[in-house]
Amino acid sequence: MPDTPVHLAVDLGASSGRVIAGRIDGGKLQLEEVHRFANDPVTIQNSLQWNVHGLWAEILEGLRIAATRFESIRSVGVDTWGVDYVLVDDNDQIAAPIRHYRDARNNGMVERAFEILGGAEQGRRRMFEATGLQFMQINSVFQLLSAVTHNERSLQIADGFMMMGDFFHWLLSGKRSIEATNASTSQMLDPRTGRWQTEMIEALGIPTKLLGPVSLPATTLGNVQPSVAEVTGLQDVAVVLPATHDTASAVLAVPVDGFAPEKPDWCYISSGTWSLMGCELASPRVTQRCSEFNFTNEGGVGGSTRLLKNLGGLWIFQQLRKSMQRRGNEVTWESMVTQAESAAPFQLLIDPDHPDFAAPTDMLDAIEEFATKTGQPKPDSEGGYYRASLEGLALRYRVCLGMLEQLVDNRIETIHIVGGGTMNELLCQMTADACNRTVITGPVEATAIGNLLMQMVGTGVIGSGNPQELTTAVLQSRKLVRESFAVKTYTPQNAAQWDEPAERFVGLAD
């Protein structure tokens, strides 16, 4: 229908980016992929960096195609992962290399931050009380501390800081912003007030002048700037902030009937290269136990909190495919799952969060070295390696579920899995069995859906457009998801056989 408002989600994932169009037609949300392109980091002078120029060219191409395909395009918004950022100068030029979070410069920065802030114990406690965030060396604060440590002149030149989604919104609109859900992954924001923790940031030597005000999802920055309109053909199209952190967008698309309950009986797993497992809450849990479990309090839509843990995800499984390709075996995802299903269970237990698997040169070599180091036999087939990567992830989910239930003081009855990992049905069944819980999967395109929904909220297509009534808009959004996309349910089949491997798995971390 020519008059139906169309919204465009630019979703930048770990290996690819897409421009996806969405509109409500017949009471259902309809999606159409407009353009897909690679999103791979590049190595420049021994530094792993974002290929932002290539991505920007592809985004413009996707918007150009959309402009020729749809009438009544109302808005565009960008989501991607957290922690990475861009520094710009007062001439609106990029002031520093745009580093990828897997860049090696972050090594040792967590420990260095603790020492600066009073020592291993006091520094850790001070940072957690200030930010409520899980300690990971990829977090923005540690990346910035690395820049300070290495005396990077960019910090002297820079006039502003933006997370990656904000950077592309700036290119689209000419307006700088720092969107709240992604800012919450920086480990520089107070999760209770939404303000920068300037005292801590200054103690680390990071210039606070870089940090502007934080903007909420559904905020309209303005229309695409003239140079973008000229290249793409988009006219009078608004740039609307979704939840720019991809997981925050994905959680919005979880098809539940409710929002930020006091004692949740469901949790989510946003499943992809990373797995993010947690609960949606009305307020953060900055507690000693949360710190001990190394959980994180990240921002969600409508002022909610995503109490979650970042887990290794399908990274090992994905990298095993690359290992096989290096050896001349052009294995497909489907054949990997089939071989894993046929392999004997629990031959080798591997922890997806072990540092040996963070960024090895070759994943198969890393797993074999891990087996030797931990005194475990190596699998007797390729399928055994594939199975081990999936079993390890399901076991990690089981451990995380136990911690989550303690943090929310309630039994989790249902695990909702959204994202690309829902297509791995073997992993989904393993998750139901390992956790002994009902698993509901879908939608697959949760991140893009959440992006589109928040744009629709911002433009008044969903809800009243009144920020005070955002909870109602979230409930309407989730109702639309339930009515638009099918889900699949997995019930536990062989839960008892996971008990003994789970004990061994926990022992690996001891």
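**From a strand pair to a pocket**

Val76 has Val239 of β10 as its bridge partner. The model is predicted. The two strands involved are β6 (residues 73–79) and β10 (residues 238–240), joined by 2 bridges. They run parallel. In general, strands of a sheet pair through backbone hydrogen bonds, either parallel or antiparallel.

Now widen the view to the sheet. It is open and has 6 strands, ordered β3-β2-β1-β6-β10-β9, with mixed pairing. On average, neighbouring strands are turned by 25 degrees against each other, direction ignored.

Helix α6 (residues 164–173) touches β1 (6–12), β6, β9 and β10. The direction of α6 makes about 145 degrees with that of β6. Helix α18 (residues 470–484) touches β2 (16–25) and β3. The direction of α18 makes about 85 degrees with that of β3.

Next, the second largest pocket. It holds about 1100 Å³ of space. Its lining counts 40 residues; Met136, Trp274, Asp353, Pro355 and Ala358 lie nearest the centre. By class, 20 are nonpolar, 11 polar and 9 charged. Elements that each supply at least two lining residues include β14 (305–311) and α15. The largest share, 3 residues, comes from α2.

Helix α15 (residues 382–408) also contains Gly383. Gly383 counts as buried because its relative accessible area is 3%, under the 20% cut-off. Beyond its neighbours within four places in sequence, Gly383 contacts Gln339, Ala340 and Ala343. Glu341 lies 42 residues away along the chain, yet its C-alpha atom is 7.6 Å from that of Gly383.

Notes
Residues are numbered from 1 along each chain as its sequence is written. This is a predicted model: local features need pLDDT of at least 70, side-chain atom pairs count only at pLDDT 80 or more; totals for chains, interfaces and linings use all residues. Side-chain values use heavy atoms; hydrogens and water are left out. Helices (H or I, at least four residues) and strands (E, at least two) are DSSP runs, numbered from the N terminus. Buried means under 20% relative accessible area, exposed over 50%, partly exposed in between (1.4 Å probe, protein chains only). Contact means heavy atoms within 4.5 Å. On a 1 Å grid over the protein atoms alone, a cavity is a set of points where a 1.4 Å probe fits but cannot get out, and a pocket is an open set with protein on both sides within 12 Å along at least five of seven lines; lining residues have an atom within 4 Å of a point. Grid points are joined across faces, edges and corners, and a volume is the space filled by probe spheres set on the points. Ala, Val, Leu, Ile, Met, Phe, Trp, Tyr, Cys and Pro count as nonpolar, Asp, Glu, Lys and Arg as charged, and the others, Gly among them, as polar. Two strands pair if DSSP finds at least two bridges between them. Axes are lines fitted to C-alpha atoms, for helices over the stretch in contact, and angles run from 0 to 180 degrees between N-to-C directions.
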